[in-house]
Amino acid sequence: MENRRAFKYMIAGFLLVLLDVHIFFDFLPDPLGYMMIASGIHQLAAGKPNAKKAVITAFVLMALSIPTLFLSGEVLTQMQVNSTSWLVYGFSVTLIDLILMYYVFRMLMHEVDYPIEAAEKQNGIKKIMIVYMTITLTSTFIQSFLINMKQDVQSTVAVAIIVLTLSVHVAFIITLRNLQKTFPPDQGRVYPME
């Protein structure tokens, strides 16, 4: 029961981080998303090494993502183009997010007690981890060279990067949902007889 709720927090947190609805301020705040991710991880595998590291990393990202409450993604991107310090900020957030995902994947593979065949789940998680990390690292590497490309090539590569990264994020959230379904459903709160 606790595990299903923990996965629910993680799914909601990753969705908050993924989605960006910005009208004057962020209606789906990233800091809240990282806090929900940390809460879900703590409930799922409290005290385990990768879980501890993932929680700490999520809290670091929560603090670093505070500017996203007030600045839209487009404004942050434009600031990164015009300012080296904002470029370092964007790269740091991306790198720390990759570290968080690494610890989350390791936790899901080795530190969660699944009620079904663990080896089967570990193989599935390992496959999605390899695809996720490969696409995300490659996209991050290519983005640094986008500015030197011709405009039409730059647009095509940028769209491909967006589609691929969005696809792996959605695949990861679907994986979390499938893992959540392996646990028995919450029977609800039991009240004592009066």
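What pattern does the protein chain follow, read along the sequence?

1. Read along the sequence, the pattern of the protein chain is α-β-β-α-α-α-α-α-α. The chain holds seven helices and two strands, where helices (H or I, at least four residues) and strands (E, at least two) are DSSP runs, numbered from the N terminus.

2. This is a predicted model, in which local features need pLDDT of at least 70 and side-chain atom pairs count only at pLDDT 80 or more, while totals for chains, interfaces and linings use all residues. Residues are numbered from 1 along each chain as its sequence is written, and side-chain values use heavy atoms, with hydrogens and water left out.

3. Of the 194 residues in the protein chain, 36% are buried (under 20% relative accessible area, with exposed over 50% and partly exposed in between; 1.4 Å probe, protein chains only). Among contacts (heavy atoms within 4.5 Å) with a separation of 6 or more, 72% join residues 24 or more positions apart.

4. Helix α1 (residues 2–18) and helix α2 (residues 30–45) have axes that come within 7 Å and cross at roughly 155°. That makes α1 roughly antiparallel to α2 (angles over 145 degrees count as such). Axes here are lines fitted to C-alpha atoms, for helices over the stretch in contact, and angles run from 0 to 180 degrees between N-to-C directions.

5. The crossing of α1 and α2 is left-handed, meaning that the near helix is turned anticlockwise from the far one by less than a right angle. Residues making the contact include Phe-7, Met-10 and Phe-14 of α1 and Leu-32, Ile-37 and Ile-41 of α2. The contact residues divide into 14 nonpolar, six polar and three charged (Ala, Val, Leu, Ile, Met, Phe, Trp, Tyr, Cys and Pro count as nonpolar, Asp, Glu, Lys and Arg as charged, and the others, Gly among them, as polar).

6. Not counting residues up to four places away in sequence, Phe-172 touches Phe-14, Met-101, Val-104, Phe-105, Leu-108, Ile-128 and Tyr-132.

7. Thr-165 lies in helix α7. Thr-165 is buried, with a relative accessible area of 18%. Leaving out residues up to four places away in sequence, Thr-165 touches Ile-135 and Ser-139.

Terms used:
Parallel < 35°, antiparallel > 145°, perpendicular 65-115°, else oblique.
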